[in-house]
Amino acid sequence: MDRKTISKIVKASGISSGELILVHFWGEDADKEIANNFMAAVAEIGATPVLLQQSRSVNRDIFLAAKESCYEEKYFDLFSSFDAVLDVFAYRPVILGYEIDNDKFELYRRYMAQLFSKLMTCRRFTQIRIPTEANAEESGLNPQDYIQRMERAYDIDYPAVYEACRQAKDRFEGAGKVLLRTGEDCELSFELTGRAWHIDAGDGDLPCGEIYIAPVEDKTQGTVYFEVFYLDGVKYEHVLLHIRDGRISGSSQPEITAFFEKQPQENRVVCELGFGMNPNVTDLCGYTVLDEKMCGTFHIAVGANNMFGGTNEASDHIDFIGRGVIVL
């Protein structure tokens, strides 16, 4: 990722002059130039950058030696003054990647839990996946394909995407119900009364570009068609999902029906309706982080939505992406 793109990302995150910004970097020293470029981009705006690096190899050595007294409340209080966090990862966060004794790992686990509890109290928390071979592992894509797709998705006109999201949000604002038409004769209705639309255009989970809402949990009804459907790492084609009283009740594919029958009720709840708005995501690849941002697509999700205005608490949040027409 080049410095120009990093500068665009930092500006889009909402940072302003005079703020105190934590660059929380997950990576080894070999990738530290990435963190340095984020620090420089923050400073260019006139904000104050502070670096906290989470290196797996360094954390292994620290927590092999650490005592209970090393990370007390006064340490975590240091993070209460930040205006925003840029959570930048060159590989998957939190995972230590090394075997250590159980008591030492428990200390590491508590450290991470307390740290994130404090960081999430900051006014803004932006997650930024760096296009690296290490991050490609979770995508299921060829590393080079992953890197190219991610770099394109990041290299957008952020103000223009925000404006497109704002206009789309304005179109739906105030609508108590919407109807999604897919396939030849499938319709899915959503009750939206009392729920708010959200814009993701650079200040949340990147790559960005979507609007989304938490529908009323027990009111979604009907059938929805997906030309391509990814579930649990498996690709299906020409899939119908049947929704009754807000929960998935069945599918045209027996394997998909069986999957959801094994899930707890809260993990079957339709918890999100969203629309992709990123013009540089141009085809579906099976990686939800990119697919749900593709222009011209909708996505619905099942599972947790209590973090963006809903009431459903669940252990999962799974998105499904398709094409359709929305009717107000």
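Helices (H or I, at least four residues) and strands (E, at least two) are, in this note, DSSP runs numbered from the N terminus.

The structure is a predicted model, in which local features need pLDDT of at least 70 and side-chain atom pairs count only at pLDDT 80 or more, whereas totals for chains, interfaces and linings use all residues. Residues are numbered from 1 along each chain as its sequence is written, and side-chain values use heavy atoms, with hydrogens and water left out.

1. The cavity. One cavity of 30 Å³ or more is present in the structure, where a cavity is a set of points, on a 1 Å grid over the protein atoms alone, at which a 1.4 Å probe fits but cannot get out, and where lining residues have an atom within 4 Å of a point. The volume of the largest cavity is about 40 Å³, a volume being the space filled by probe spheres set on the points, with grid points joined across faces, edges and corners. Helix α7 (residues 143–154) gives the largest share of its lining, three residues. The residues lining the largest cavity include Arg 149, Arg 152, Ala 153, Asp 283 and Leu 290. By class the lining divides into four nonpolar, two polar and three charged residues, with Ala, Val, Leu, Ile, Met, Phe, Trp, Tyr, Cys and Pro counted as nonpolar, Asp, Glu, Lys and Arg as charged, and the others, Gly among them, as polar.

2. The largest pocket. A pocket, in contrast to a cavity, is an open set with protein on both sides within 12 Å along at least five of seven lines. The largest pocket has a volume of about 1,400 Å³ and a lining of 45 residues, of which Asp 205, Thr 288, Glu 292, His 317 and Asp 319 lie nearest its centre. The elements that each supply at least two residues of this lining include β4, β7 (198–200), β9 (210–213), α10 (288–291) and β15 (317–322). The lining of the largest pocket has 20 nonpolar, nine polar and 16 charged residues.

3. The parallel sheet. Five strands, in the order β2-β1-β3-β4-β8, make up an open sheet with parallel pairing, two strands being paired if DSSP finds at least two bridges between them. Its edge strands, each pairing on one side only, are β2 (48–54) and β8 (205–206). Within the sheet, β3 (residues 84–89) and β4 (residues 124–129) run parallel and are joined by six bridges, and Val 88 stands opposite Ile 128 in β4.

4. Helices. Helix α2 (residues 32–45) lies across β1 (20–26), β2, β3 and β4, and runs at about 160° to β2; axes here are lines fitted to C-alpha atoms, for helices over the stretch in contact, and angles run from 0 to 180 degrees between N-to-C directions. Helix α3 (residues 56–65) packs with helix α5 (residues 102–119) at an angle of about 115°, their axes being 9 Å apart. Among the residues that meet are Phe 63 and Leu 64 in α3, and Leu 107, Tyr 108 and Met 112 in α5, where contact means heavy atoms within 4.5 Å. The contact of α3 with α5 has, by class, seven nonpolar, one polar and one charged residues.

5. Asp 83. This residue is placed in the loop between α4 (73–76) and β3. Although Asp 83 and Ile 21 are 62 residues apart along the chain, their C-alpha atoms are separated by 6.0 Å. With neighbours within four places in sequence left aside, Asp 83 is in contact with Glu 19, Leu 20, Cys 122, Arg 123 and Arg 124.

6. The antiparallel sheet. Six strands form an open sheet in the order β12-β11-β10-β6-β5-β16, with antiparallel pairing. The strands at its edges, β12 (247–251) and β16 (325–327), each pair on one side only. Strand β5 (residues 177–182) pairs with β16 over three bridges in the antiparallel sense, and Val 325 in β16 is the bridge partner of Arg 181.

7. Backbone points to check. Most residues other than glycine have a negative phi, and most peptide bonds are trans. Leu 206 and Pro 207 are joined by a cis peptide bond, with omega about 0°, and Pro 207 is placed in the loop between β8 and β9. His 238, which is not a glycine, has a positive phi of about 55°, and this residue lies in strand β11.
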